[in-house]
Amino acid sequence: MTTSAPSAIRAVGLKKTYTGRDGEVEAVRGVDLDVAQGEVFGFLGPNGAGKSTTVRMLTTLMTITSGTALVAGVDVAADPNEARRKIGVALQEAGLDPRQTGRELLTLQARLFGHKTKSAGARAAELLELVELTEAADRRVKGYSGGVKRRLDLASALVHQPEVLFLDEPTTGLDPASRLTVWEEVRRINGMGTTVFLTTQYLEEADQLCNRLAIIDHGGIIREGTPVALKAELRERTGMAAEPTLDDVFLDATGGTRVRSAGDVKEIQS
Amino acid sequence: MNELAALSQRALRETIRTPEALFPALFIPLFFLVVNVGQAARIFPTDETPFLNGQSYAAFQLPSSLLLAASFGAAALYLVEEIEGGYFDKLRAAPISRMSLVLGRLYAEFVKSIVLTAFMVVVALPFGIHIESGFLGFLVLVVMISLWSAVFNGFIQLIALATRSAAATQSGSMVFFPLLFLTPNFVPRELLTRPMEIAATFNPVTYIMEAARTLILDGFDAASLAKGFVVIAASGALMLVLSLRMVNNYD
């Protein structure tokens, strides 16, 4: 994947400032992003680094204090509804209505994206088959397992065949098998040409899925590149004997260190 | 309109799937009706009480109970649940008018109130109550109370949007309850003590209660009905403006 393709996401000087109890808080401090069409772009960072805030601004769910963001060529602040037509969103919590069935939820989502009742039902059936939820389709969501909920959430984000799919920590809290299923889904979705913007705390996930990634800390981007290039840069700079992992890149970037004791890995923030 | 219809249908399904939420809306107002009539009916005998127009005191009390039932909505609490669970963000990420996000659940409250109000009136009929304005008056009564239900629950929904907390929403909704009681709910306004009369005069709910009472006791009174519907329209417009502002600036 090269960055010479047209941008699916372009953000310039993106800032978000809140007024909290202790005064003004800068959650995101001038983020610049350029994600090419068809990429799987990873957005990594420690808790509270500004990942979710950035995603919420890019997906029209949060106002932008300053800066600009274009998603699929649409200015998200100037024309939020047009941007919403082009993006799919699956946020940190699998945001689902527990009292509806999987089929009802997808049908509703399709209707909200402009399908008439009949075609919405057909689209829901198509998506249920795609994420292999046909058997559970007519049970209420509140009875679904975490993995099934996550797949349904993904399906609901795809109802309108978005150009850009935002996944905010899609595998947090999932067991390893469910995590692998989500990875397969992400690859399949990307294979169909959808750009994927993925935030995650799992570096292995980023290594497996992402063509390029950025690391954000304290509201600003501190590293950006392909996983291979980032590892090579670290090895060259520090003269590491062994091939560094993405964990090493992350810890180096965020100022963390780690010590090994009795086989456990312990992370210590410097 | 497709999106509003879709969200309204979902909210109606939700209402049907949680019948337990209807229990307080039905039981508490009927309980108050029975208790209030039981306590005060002998003070206001039908033959000697001009403002009853020949009906029982239950007929005078019925609008209070209908308005109380109309205030027991579930829209705000479901909304908080949706905000906490993340589904509200999913809806906000859809290319739909923000108005439909506000109105979807309120439409379900309107429909629910139609059923509840009609049921309560029908239950009251065997107890010596009749609707003086006839079947048409009954329909106007049901629509008026149900519109108010949507507006009232819209204000509670506004608290839910502002606080995003179930506890705060429940506490906040208590602010509105005095409105139901600072009204001429036991006797007509002119028989209230002066401070209560002033409070009732400034309370918009008074005019809905009086319009409803007119339909039950007196027949069609254009002036009274107009005041009731103007209060509902003005409150509804205020609620919509505030709700839209809240949803548009929701971060």
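**View 1. Helix H1 of chain B, in a predicted model.** Helix H1 of chain B covers residues 2-17, and its 16 residues reach 23 Å from the first C-alpha to the last, where a helix is a DSSP run of H or I with at least four residues, numbered from the N terminus. This is close to the 22 Å expected at 1.5 Å a residue, the expected span being 1.5 Å times one less than the number of residues. The model is predicted, so local features need pLDDT of at least 70 and side-chain atom pairs count only at pLDDT 80 or more, while totals for chains, interfaces and linings use all residues. Residues are numbered from 1 along each chain as its sequence is written, and chains are lettered from A in the order in which they are written.

**View 2. The buried residues of H1(B).** Among the buried residues of H1(B) are Glu3(B), Ala6(B), Leu7(B) and Arg10(B); buried means that 20 or more other C-beta atoms, placed from the backbone, lie within 10 Å of the residue's own. An α-helix has 3.6 residues a turn, so residues three or four places apart point the same way. The buried residues of H1(B) pack against H3 of chain A together with helix H6 (98-124) of chain B.

**View 3. The contact between chains A and B.** Chain A gives 21 residues to the contact and chain B gives 19 residues, two residues being in contact if their C-beta atoms, placed from the backbone, lie within 7 Å. On the side of chain A that touches chain B, helix H2 (80-86) and helix H3 (102-112) each supply at least two residues.

**View 4. Chain A.** Buried residues make up 48% of the 270 residues in chain A, whose C-alpha atoms fill a box of roughly 60 × 45 × 45 Å along the principal axes.

Key
Buried ≥ 20, exposed ≤ 12 C-beta atoms within 10 Å, placed from the backbone.
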